[in-house]
Amino acid sequence: SDVFDLAKEFKAALEGDSSAKGDKLSPAGAAGLLQHLGGTRTAQQRKAELNDVDVDGDGMLSFCEFLLLHFKVMILKEYFARHNMEPDVDLSNKGIGVVGVGEKLVEELFNVPQGLDPELEKMMEEFSIEHAKRQAKIEALKAKVAAGGVKGMGAANELKQLEAQDQTDVNAVESRIAAAVKKAVAKSKKELAAKEAEKKEADEAKATAGRSKLAERAKA
């Protein structure tokens, strides 16, 4: 599906999600969107896959996170190819049920291809760094909360404030990243079409050569 069509689907899901926050779908809204777009998943698989792409750890689904999930197989193929590795996960059936690959998806997304807008490259790198810092801070606060006591209460308040912070900057970067993903998809389609055309030309040349040999034999 084209990113533009996916954006329309996501927007429609937002409008029908009473628990949505800003431009992010609630877990129920995200599950409904996945069901609507097809692909049989158990409730447990949906939950696990959504958690896997929860980049900012807020329990909601942004459009960028949705794209990570939707293009999971394509991104993972690029990841394994770049590392010269055989896939260690099942990429058939649109990658449904495949989890534990969130970090690979983020890594590949931020492995900016040559020729990409330098400004976008910088924004993506900064976003990646800030995401790592934010996640580390969230994990540290969660550990303090789990320990309990006065420090745990203070950590709980800080965690709540952190998770409630304005995501405007993140959303802006996500929009740019979505554009990058769209560009990558278009590039992938163009390369695939070129390979198919090359293969077709080679097959036709082979067939022509075969016919020529048969004709020569017939004359002999």
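Reply: In this predicted model, the largest nonpolar core has 30 residues, and those touching the most other members are Phe 10, Leu 25, Leu 61, Phe 63, Phe 66, Leu 68 and Leu 105. A nonpolar core is a set of buried Ala, Val, Leu, Ile, Met, Phe, Trp, Tyr and Cys residues joined through side-chain atoms within 4.5 Å. Buried means under 20% relative accessible area, exposed over 50%, and partly exposed in between (1.4 Å probe, protein chains only). Two or more residues of this core come from each of helix 1 (3–15), helix 2 (27–36), helix 4 (63–70), helix 5 and helix 6. Helices (H or I, at least four residues) are DSSP runs, numbered from the N terminus.

Leaving aside neighbours within four places in sequence, Phe 66 is in contact (heavy atoms within 4.5 Å) with Leu 6, Phe 10, Leu 33, Leu 37 and Leu 61. A second, separate core of 5 residues includes Leu 141, Ala 155, Leu 159 and Leu 162.

The loop between helix 5 (72–82) and helix 6 (102–109) holds Asn 84, and Lys 94 is also placed in the loop between these helices. Asn 84 counts as exposed because its relative accessibility is 71%. Lys 94, with a relative accessible area of 67%, is exposed too. Although not a glycine, Asn 84 has a positive phi near 55°, and Lys 94, likewise no glycine, has a positive phi of about 60°.

Residues are numbered from 1 along each chain as its sequence is written, and side-chain values use heavy atoms, leaving out hydrogens and water. Local features need pLDDT of at least 70, side-chain atom pairs count only at pLDDT 80 or more, and totals for chains, interfaces and linings use all residues.
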